[in-house]
Amino acid sequence: METDDRTWLAEYRRGSVEALAMLVERYRKPLFGFILRMTEGRDDADDIFQEVWVRAIRNMSSYRDKSFVSWLFRIAHNLVIDRVRKRRPMETLMPRTDDEAENPIETRLADPAPGPDSEVAERELGARILRAVEQLPLEQKEVFLLRTQAGLSFKDISKIQQTSINTALARMQYALNKLRHLLQDDYAALKGAAT
Amino acid sequence: MSCKTYRNRILLEQSGELGAIQRALLKRHIAGCAECRKFKEETLIVTDAARTLTADPDSAQIENILSFARREVSRSEEFRFRPSREPLLRQWRPALLYAGLSILLFIAFFAVISPVLHPSRQGAETAVMETRSALAWDDGFDEELDELSNMLATAAKEWSNGDASELDEIERLARELLELEGMQI
């Protein structure tokens, strides 16, 4: 997977826009999904998604990371944080402690109302999970989405969030515990769908 | 070890970041812990279902991005040869390394080859040392010899201070002294 990324990156550096198109195609859904869940609406998500790629393209010549996907999501993370800070200048997203299960600021930042696309998929299994995910505090939600949608390792997630791997794991555990609690009634259906 | 630690390991196992020994220990723990077994099962279900939560951006967005990339590519004729933004020292590191090695080799070569290129200097030095050593036994016994020996010492001192113009003269003097004493070098 990563080898293909490097090949396409190398081709793009030689001037092939088609190679970049392959990269955009590969990551457009997980990247846009991540941004959409982390922001407050589709307009924000559209802006940030485009800005992520613009920054990636501008800085492609200085890109030296091992993992392109990790680098891409790091750009997205920074832009999301910037956007949230602009909207809430007095509030901070920087981690304070590992035990952050109760974080009123971040709980308020996360929009508990279902997004417009979840109405369409109301009866689908994914929509129930989506609503549960939207109730998570921002940092826990980010770990959960980076792990499930981007498929990043906890090592990469901890780098993106500039925290320790244990903190990233703790956030994932908190997120999963809340989701397990919120989805208690749906487990029968979830188990059925999984099997 | 607490269940919380094992649950971290369950997450690391799912992300492919757990070593073989820890995997084996985790497997043993899960076999005997119903709560961790449930956590693993439910975690798998939730994360698998969450993978479907992707969303699709407008195709116009994608086209905008690719147009920007095309402009970036065509903006500079020298796109392919864009200079690296790496620090200058890193760029020049190999060149500096090879230059340093070349200088060391050059110095080493001349240290080895110098005596071969200047045999007369080495010969004169040896002659002075051996002559003074040979004459040491009769120090103060023969005034003429002592005077010549002192001349030799003075000449050798000048030579060691950098005046190498009279090397042949020093060697000749040393041989003369030894001949007076009936010795040869």
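A disulfide is a pair of cysteine sulfur atoms within 2.5 Å. A search of the whole structure, which is a predicted model, finds zero disulfides over all chains. In this predicted model, local features need pLDDT of at least 70 and side-chain atom pairs count only at pLDDT 80 or more, while totals for chains, interfaces and linings use all residues. Side-chain values use heavy atoms, with hydrogens and water left out.

**Cysteines of chain B**

- The sulfur of C33(B) lies 3.6 Å from its closest cysteine sulfur, that of C36(B), which is too far for a bond.
- C33(B) is buried at 11% relative accessibility, where buried means under 20% relative accessible area, exposed over 50%, and partly exposed in between (1.4 Å probe, protein chains only).
- For C3(B), the closest cysteine sulfur is also in C36(B), at 3.7 Å, again too far for a bond.
- C3(B) is partly exposed, with 28% relative accessibility.

- D156(A) belongs to helix α9, residues 154–160 of chain A; helices are DSSP runs (H or I, at least four residues), numbered from the N terminus.
- D156(A) is buried and has no salt bridge, meaning a side-chain nitrogen of Lys or Arg within 4 Å of a carboxyl oxygen of Asp or Glu.
- The nearest side chain of opposite charge to D156(A) is K159(A), 4.6 Å away; Lys and Arg count as positive and Asp and Glu as negative, with His and the chain ends not counted.
- Apart from neighbours within four places in sequence, D156(A) is in contact (heavy atoms within 4.5 Å) with S67(A) and S70(A).

**An exposed leucine in chain B**

- L104(B) is found in helix α5, residues 88–117 of chain B.
- L104(B) is exposed, with a relative accessible area of 58%.

Technical notes: Residues numbered from 1 in each chain as written. Chains lettered and ligands numbered in written order. Helix = DSSP H or I, 4+ residues; strand = E, 2+ residues; numbered from the N terminus.
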